[in-house]
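Please work through the following exercises with the sequence and the structure at hand. Each task is followed by a solution in steps.

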Amino acid sequence: MSANPVYAEVIIPLAVEGVFTYAIPEHLSGKVNPGTRVLVSFGKRRIYSAVIRSLLKLPPEGFQPKEILEILDDSPYVRSTQLQLWEWMSSYYMCRPGEVMRAALPSGLRPESESRVRTCTDFEDDGSLDSFERLLLEVVKDQGEISIGDLETTGISERPLKVLKQLIEKGAVEINEKMRRGVRKRSVSYIQLSSRLDSEEAIHRSLDSLVRAPKQREILERYLQLAGLDSIGETTLVLRTRLLGSPAETGALSALLKKGLLEQISREEMKNVAGDDSKSLGAPRELNPEQVQALESIRDQFGKYQTVLLHGVTSSGKTELYIHLIREYLEKGQQVLYLLPEIALTTQIIERVRRVFGSRVGVYHSRYGDSERVHVYRNLLGLTDDEAYGVIIGVRSAIFLPFSQLGLVIIDEEHETTFKQHDPAPRYHARDSAQVLALYHGARVLMGTATPSFESLFNAKSGKYGYTSIKGRYGAVEQPEVILANTKVATHRKQMVSHFTPQLVRGIREALDAGEQVILFQNRRGYSHYIVCNDCGEIPKCSRCDVSLTYHRISRKLECHYCGYKENMPNACPSCSSSNMTMKGFGTEKIEDEIALVFEDVKVGRLDTDTARSQKSFERVLGDFASGRSNILIGTQMISKGLDFDNVSLVGIMDADSMLHFPDFRAFERSYQLISQVSGRAGRRKKRGKVIIQTSDPEHPVIEQIVKDDYESLFKDQMEERELFGYPPFTRMIRISFRHKIPSILDGATDLVGKELKGIFSSRVYGPQYPPVRKVHDAFIKQIILKIEKKASVERAKDLLSSVLTETLSGEVYRSVRISVDVDPF
């Protein structure tokens, strides 16, 4: 028997249970290792990229395994710590290994049989292709695009996938993942001085020789100016695009390259690296005494705890403290992962961090193209030409990157719900998963926020986490003044100006007259929540979901915010043909319209998912506000997350009541967090800011606690209630969701599962019941909630739950019911 393992267990990126065993062909023996990507056949003529989880010497029992088709990597693309995290996530969040793999790897690293192969337009054959490669390239050119599956049937070579891999590496073809860029390297062209010009005398001779070619001489002089004369004899790279003043100079540059006076090289880079390395990097700002004390406390507590909670009020300078910590870990040769809850936050944070650390900062989130995310991934594996990233700024998916020397994980705004992935699986929480990742690396975790999640605060108070606080704002700026505006009284007295109370109108006018800026918060996009017929009470609803349609004035359509369905605004009631229809509620669009009516000549920006669908549009809205080109910024919760503007003196909360009365056991906690975070945007630099909260119930306990800035009392009250009624952090919750188009089949399945679970877990089972929105995408939904006490074995509960779901729904009738399990769903 061969000394090398002859079988491999692989993870396939599909929602299928377990891992699969494949035979290692003789020509690949000794070349595969755990973490290596391979191509395998799965199902009927379908090819998938898989990741090797483990190697085996003994064959599986009961079947003859297929062979691995081809190896994709010379060295593993998935590190052992990543495989550990995948396995933990699959077990803890009750999902399949393949679902974790799909979330963890960019699609460019997961070629499949349906992936399309196409030629690279800028490739020139310099004679390096062998006969098989040239033949396969011609096939791709003839077809325009061809699937990987079809390539296997061309008969070119006994191993066409190996030939394809070689063509990709040589830049001749690329994988077009469902019309998206695949793994093709992003090349950036640089110009450098020829090695012949190694002295000032040689350079002057070259310049003299270009007397009759003034354009060429101008480009050479420009290069010397950009590179610096003190760099003679050294390799100084200048971006080709920076060197060229206009496209018309391309010919002159080509002539210089042909004459051998300049040389062009290409490096694999990505567009989101720091722009100009020639700019000097700045030092971190000096910390004030309270920040210094907090930093020393964090250092001390990292010796006792893996995780420390930093509880700092808004504008207390937490980001500067992070930057000082990042510098310490980089100086020790370790990597830092800086997690943010929202892509919206990355723009300002990236600028601040890169100001200090330059090109050592990489960015990873879904607004960047797949090729750029692949680049960051490859950079951390040491497979790119540019400088290795020491700091990664990213959203929740960044926890899947291949870190090798991870020393610190920073989780900013740790309370934010956007750290939780809801659909599709894996339904993980990045805050909790990042702590497991840090454990595998022996790293430390710093969680920062002005309003900690009650779970984190509970863990800190019970001794599981370390804890430190910053109670004062940076620069001794006072906390904003909070003013309550009673909408019920203003409406009764007929003082409302549209949706604005007299206090808010007066506050906005005073701020604008003083040359200051205003933020208005309404956690609902669109123009109005719904329209209603005043004669028959008809409310237009989505045909596919159990929700009313929201009116959007810009598109003049009614839209469903669950499935995206749209229909034209009706001229009359579709039920009784009456034209007496009224709009109810208001969203960000309506506020934007009404501001223009109430305040003349004011420039308004709006930030919600309608106006910020791309990174550029988002940056444009923020850039206009930051530069003063807009005076008022209206937005949803996107504006609450850590944005920093110097000139904002007033924040208006348009409707606090809608948050407080949301049917969720966390409603009070999240209302306080959201209002407090938005309020923190006011008065961050020059003077004390002002916050006006519009509410019909100013005596509500949470509103009173917000006015008093008394988060501790809210925490104490809520902990007493949650302990009494068995909610987190005193229990763990698992939500099982069932979906089917036929209600009777759904009812039968959930009743059966509910009965079996109650026989095992008794009163710990709640439901089955319909959620507030009982139908989405033409499928009806029912849910069962399982509460498990902290002292009980959650793993045992999951095993029992899995057995019940497998056994009870394996019959023909209920096999079509779709089930999703969400651990820690809220």
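Two strands are said to pair if DSSP finds at least two bridges between them. Strands of a sheet pair through backbone hydrogen bonds, either parallel or antiparallel. The model examined here is a predicted one.

**Exercise 1.** Determine the order of the strands in the open sheet of six strands, and identify which strands stand at its edges.

*Solution.*
Step 1. The order of the six strands is E20-E30-E29-E21-E28-E27, and the pairing is parallel.
Step 2. Strand E20 (481-486) and strand E27 (604-607) are the edge strands; each has a single partner strand, so one side of each lacks a neighbour in the sheet.
Step 3. On average, neighbouring strands of this sheet are turned by 20° against each other, direction ignored.
Step 4. Within the sheet, strand E21 (residues 517-521) runs parallel to strand E29 (residues 648-653), and five bridges join them. Gln517 has Val648 of E29 opposite.
Step 5. Helix H21 (residues 667-679) packs on the sheet and touches E21, E29 and strand E30 (690-695). The direction of H21 makes about 155° with that of E29.

**Exercise 2.** Describe the open sheet formed by seven strands.

*Solution.*
Step 1. The strands follow the order E15-E16-E14-E17-E18-E13-E19, with parallel pairing.
Step 2. Strand E15 (361-364) and strand E19 (466-470) lie at the edges, each pairing on one side only.
Step 3. Strand E14 (residues 335-339) pairs with strand E16 (residues 391-394) in the parallel sense over four bridges. Here Leu339 stands opposite Gly394 in E16.
Step 4. Helix H13 (residues 370-380) packs on this sheet, in contact with E14, E15 and E16, and its direction makes about 135° with that of E15.

**Exercise 3.** Compare the span of helix H24 with the expected value, and state what its buried residues pack against.

*Solution.*
Step 1. H24 (residues 743-761) has 19 residues. From its first C-alpha to its last it reaches 26 Å, close to the 27 Å expected at 1.5 Å a residue.
Step 2. Its buried residues include Ile745, Leu746, Val753 and Phe761.
Step 3. The buried residues of H24 pack against strand E31 (731-740), strand E32 (765-769), strand E34 (779-789) and helix H25 (794-808).
Step 4. Ser762, which follows H24, has a positive phi, near 60°.

**Exercise 4.** Is Arg427 buried or exposed?

*Solution.*
Step 1. Arg427 is found in the loop between strand E17 (406-412) and helix H14 (430-441).
Step 2. The relative accessible area of Arg427 is 13%. Buried means under 20%, so Arg427 is buried.
Step 3. The side chain of Arg427 reaches the backbone oxygen of His422 at 2.9 Å.

Notes
Residues are numbered from 1 along each chain as its sequence is written. This is a predicted model: local features need pLDDT of at least 70, side-chain atom pairs count only at pLDDT 80 or more; totals for chains, interfaces and linings use all residues. Side-chain values use heavy atoms; hydrogens and water are left out. Helices (H or I, at least four residues) and strands (E, at least two) are DSSP runs, numbered from the N terminus. Buried means under 20% relative accessible area, exposed over 50%, partly exposed in between (1.4 Å probe, protein chains only). A polar contact is a pair of N or O atoms within 3.5 Å; within protein, one must be able to donate a hydrogen and the other to accept it, and residues adjacent in sequence count only if both atoms are side-chain atoms. Contact means heavy atoms within 4.5 Å. Axes are lines fitted to C-alpha atoms, for helices over the stretch in contact, and angles run from 0 to 180 degrees between N-to-C directions. The expected span of a helix is 1.5 Å times one less than its number of residues.
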